[in-house]
Amino acid sequence: MNRTPILFLNVLVIAACGLMYELLAGTVASYVLGDSVTQFSLIIGLYLSALGVGAWLSRFLDRDLAARFVDVELAVALLGGLSAPMLFLGFARLEWFRLFLFLVVFAIGVLVGLELPILMRILKEHLDFKELVSRVLSFDYIGSLFAAVLFPMFLMPRLGLVRTSIVFGLLNAAVGLYGTWLLRPLLRGVMMLRIRAAFVIVVLLIALLRADVLTTLAEDELYADDIVYSSSSPYQRILVTNNAAGFQLFLNGNLQFSSADEYRYHEALVHPAMSAAKSMGRVLILGGGDGLALREVLKYGGVQQVTLVDLDPKMTALSANFAPLRTLNHNAFADRRVRVVNEDAMIWIERVRESFDVVIVDFPDPSSFSLGKLYSTRFYRLVRARLVPDGAISVQCTSPLYARQSYWCIIRTLEAAGFSVRPYQTTVPSFGVWGFALASPRAVDAPSVVQVPTRFLDDATLAAMFVFPRDMGPVPVEINRLDNQILVRYYEDEWRKWS
Amino acid sequence: MELTRRDVLATFLGAPFAALACRERPAVALPPGELVGASHEVGHRLRGGAPPQPSRWETHDVVIAGGGVAGLASAWRLSHAGVRDVVLFELEPALGGTSRSSASFPWGAHYLVAPSPENRALQRLLAEMGVLEPGATTTIAEEHLCRDPQERLFYRGRWYEGLYLHSGASHEDLRQLRAFEAEIARWAAWRDARGRRAFEIPIAYASDDAEVTALDRMSMRTWMDARGFTSARLRWLVEYSTRDDYGLLLDDTSAWAALFYFASRDERPVVTWPEGNGRPVAHLARSAQARTGWLVTSLTPVADGVDVVALRGDEAVGVHAKRVIFAGPQFVAARVIPSRPASSAFTYGSWMVANLALRDRPQSHGFPLAWDNVLYDSPSLGYVVSTHQQGIDRGPTVLTYYYALCGSDVRRERERLLGADRDAWAEVALADLSRAHPDLRSLTDRIDVMRWGHAMIRPSPGFVWSEARRRAAEPHHGIHFANTDLSGVALFEEALHHGVRAAEEVLGPRGGASWL
């Protein structure tokens, strides 16, 4: 058969595709699970063994080898081509992601393992054994080299994981479709095979056109740095990443802090309220399961008791026990003055009857209705009812620059709940310009003295935080109430512009 | 008659749905639960022969027959006037009538509209309950107003915010919506020569001007047709409202009643509790000496009062009362008070309410879980979420699923309601809601079902402003009448009004200044 040279070109493409899927799976696994050495090692081992299983299974195929070859190509095209988007989505949606990952890698390996044995058996009629082995294997290895060089140099940076995956799926499908011509004399039911091939190509083309959507979906779960911890609680997905600058905590994909600059945020959050309050014996922290606001509060000798209310027991346990976090919060959860309550802050505060001198409110941004309620007049009134008349509270209020309406909505809502409010802001590089509120049931002055050792705040910086540049100044807003949840709507509109 | 799953679904959710359902895997076992329905069998004894004669007789100042909201409101008003010798008989084991509830979820009516300043009886009730903002005289406290998000709508695989289907609406659809809203705004602002609003809660304070009452003589469909309101989405919204509030389709709803629903609210907020109107019922019930499980079988006017006979099981008791407040519906009055001419103008619709106890929140695509969750392509009214008002956003919850049987033939609809048992109705609720929540079946631990045979008075054209309705509220030889059906619409606020009014008729000058 004079077409054999072209068939060898196919071997090259097939080999490149096979290695590509392996590389993609390894990369996705390192991205989402962290620890790239382990991930690549496991993926390569599993994949190679699956190739073996495929090769062994090829013995059971006896009839219509050419048609089976095309079928296998199309199956690889579909499964391999969609592997990267599937794995990303799987990571976002599945509890048993690791099992899913191994299944996908194994299935691709088995299919790829079938390819060459079948092809060699088709070709053996036309070449002697020595020639066959030498040509097929050399093209196989050259193909692998192509893939290995192209992937990091060109494909990853230019196309990204999802598009690379789909493009190679298309190559596999093209080999399958082309095979219906190349192997025409050996084939029965050519039309059906071509229809199947066309279907696979259409599916992959659609996926390629929609790759932006797939990538956005996928990159919600994609982090630039190594992942050192990940876990899902009933409330959220908790993830800790690590890079040269330090480590970062993500909740549901939103950055909560970076160890490089979190001290700026937490010093700004805690010390104004501690300085403004007349007494500080009993402190309440709402949210703040990372223990970093707690660390700042515990710097004060006058603090006798701190109650920390955080929804997620997994989060507070992580902060108390996971070494990097525990070090960062100075082992705050081991302090005898600390009491941890794992409950929804709204429901807890409706029930308790204790009073507090200082309340630190450190919730995630109001991105959902269940968080928005924690920024409502009702909630702030409940907080005020638990605060001594001379007490002070501070509230993290999202960014007055990126989400100006949201910021001022929180300020006005605090005022509507009967607080006297002093807005303030500072810069936290990981977040940008960040806003807070200092509030008290009585008229409150901006504090002028920081009473404890700090890395960021000094008296001059403290005073400067209460100055508001013009581009962050007040804007007209509605009050956030349980029965309108207007803040969630402001917040969604405003952050949509920046993301 | 034995209904198969297919029959049930075809009957209550429509034939296409049944066909679809039958292609699914065989149904898994239904979650357990029971029928908690109104006591039909006992109630129907009124139709039978002569009841047993009382073995003993008591004497009381006032007897209240019926422990729904109207009867409880009468007891509340009487107790505030210092009348202590009052006995209330209620057939059901629990008080509240169609506002009944369990401790944490409703079995029927589940919200109020915040009262206008004129509705002093309701203002007083809410103030007593501590529902007002501290120090305020009329403002409802934030935590008792229905929390946001209030409503969402399921359409073709996705949830959208609100009850009007904005997604995919054409310019013409939106033009008609704005025109309809303008029409409602016009009626909300309308005042008659005496300064009364066209539509007001309670209806007793609304205008009886001919321009308004003329609306009662036509159906809502006629009214919409005449104004060119042909948009399918708009008609769906309006018909959803008539189904939800009256258990009626557009054809069978008086245009007055439909416009009353929209215009009487005047953008006032919704007040609600996890257990629905069970909360105000519990407050009112504190004033009542209630005997539950008792069926009042006859009220007979005599020379110095009224002889009451009540029955529990085979035990009959007679009460000689100076005055009686009959706080049941008119179809029962017709059987209990033989001396009073009955009116056939009062008709009542059938409802099914199912409570689904869930282990966890169901999955849904699009807008997140709201208080009221409605499916566009469904004969049901959707469900409310009992934990919404408590702010419990995760974990177990109870969904209260409402299904009004809206067919024109009330007798047939009642047969349909009672012809389906607990399992059949549980299957309807699951099959209907599973379209929006594919994981619902696996999350549901329990489904209890209530069948309301005479749930709501039907404000069909001509009824609200009929002579029959007006005359039914007139006292009859020492028997006074209190029930929401005397307003022509079924509302907590109307029942409260009639309860207080009837009590004040009994009190006369003793009652002091009127609460109305």
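Modeller: I take chain B and begin with one helix pair, in which α1(B) passes α14(B) in a right-handed crossing. The residues that form this contact are B:R5, B:V8, B:L9, B:F12 and B:L13 on the α1(B) side, and B:A424, B:E427, B:V428, B:A431 and B:D432 on the α14(B) side. Sorted by class, the α1(B)–α14(B) contact has 7 nonpolar residues, 3 charged ones and no polar ones. This is a predicted model, and the geometry below is computed from it.

Two packed helices are described by the angle between their axes and the distance between the axes. For helix α1 (residues 5-13) of chain B and helix α14 (residues 422-434) of chain B, the axes come within 9 Å and the crossing angle is roughly 65 degrees. Angles of 65 to 115 degrees count as roughly perpendicular, and α1(B) and α14(B) are therefore described as roughly perpendicular to each other.

A second pair in chain B joins helix α4 (residues 69-80) and helix α17 (residues 492-507), whose axes lie 7 Å apart at an angle of about 45 degrees. The relation between α4(B) and α17(B) is therefore oblique. Their crossing is right-handed. From α4(B), the contact takes B:V69, B:A70, B:G71, B:L72, B:A73, B:S74, B:R77 and B:L78; from α17(B), it takes B:F492, B:A495, B:L496, B:H498, B:G499, B:V500, B:A502, B:A503, B:E504 and B:L507. Of the residues in the contact between α4(B) and α17(B), 12 are nonpolar, 4 polar and 2 charged.

The contact of α9(B) with α10(B) comprises 5 nonpolar residues, 2 polar and 1 charged.

Now the domains. The assignment for chain B gives domain 1 (5-30 + 348-457), domain 2 (42-108 + 276-341 + 461-511) and domain 3 (147-268). Between domain 2 of chain B and domain 3 of chain B, the C-alpha centres are 32 Å apart. In their contact, 11 residues of domain 2 of chain B meet 14 residues of domain 3 of chain B. On the domain 2 side, the residues that touch domain 3 of chain B are 6 nonpolar, 3 polar and 2 charged.

Two loops of chain B hold a cis peptide bond. One of these bonds joins B:D148 and B:P149, with omega at about -5 degrees, and B:P149 sits in the loop between α5 (120-129) and β4 (151-155) of chain B. Another links B:I201 to B:P202, also with omega at about -5 degrees; B:P202 belongs to the loop between α6 (171-189) and α7 (210-213) of chain B.

As for the partner chain, 14 residues of chain A are in contact with 13 residues of chain B. On the chain A side, the elements that give two or more residues are α13 (345-351), α14 (369-372) and α15 (377-385). That side of chain A consists of 6 nonpolar, 4 polar and 4 charged residues. For chain A, the domain assignment gives domain 1 (4-219) and domain 2 (259-498), and the C-alpha centres of these two domains of chain A lie 52 Å apart. One backbone detail of chain A is A:D64, which is not a glycine but has a positive phi of about 50 degrees. A:D64 lies in the loop between α2 (36-57) and α3 (65-81) of chain A.

On confidence, the average pLDDT of chain B is 93, and 96% of the residues score at least 70. For the model, ipTM is 0.88 and pTM is 0.78.

Notes. Residues numbered from 1 in each chain as written. Chains lettered and ligands numbered in written order. Predicted model: local features only at pLDDT ≥ 70, side-chain atom pairs only at ≥ 80, totals over all residues. Axes fitted to C-alpha atoms, helices over the stretch in contact; angles between N-to-C directions. Helix = DSSP H or I, 4+ residues; strand = E, 2+ residues; numbered from the N terminus. Parallel < 35°, antiparallel > 145°, perpendicular 65-115°, else oblique. Left-handed = near helix turned anticlockwise from the far one by under 90°. Contact = placed C-beta atoms within 7 Å. Nonpolar A, V, L, I, M, F, W, Y, C, P; charged D, E, K, R; others polar. Domains from an automatic or database assignment. pLDDT = per-residue confidence, 0-100.
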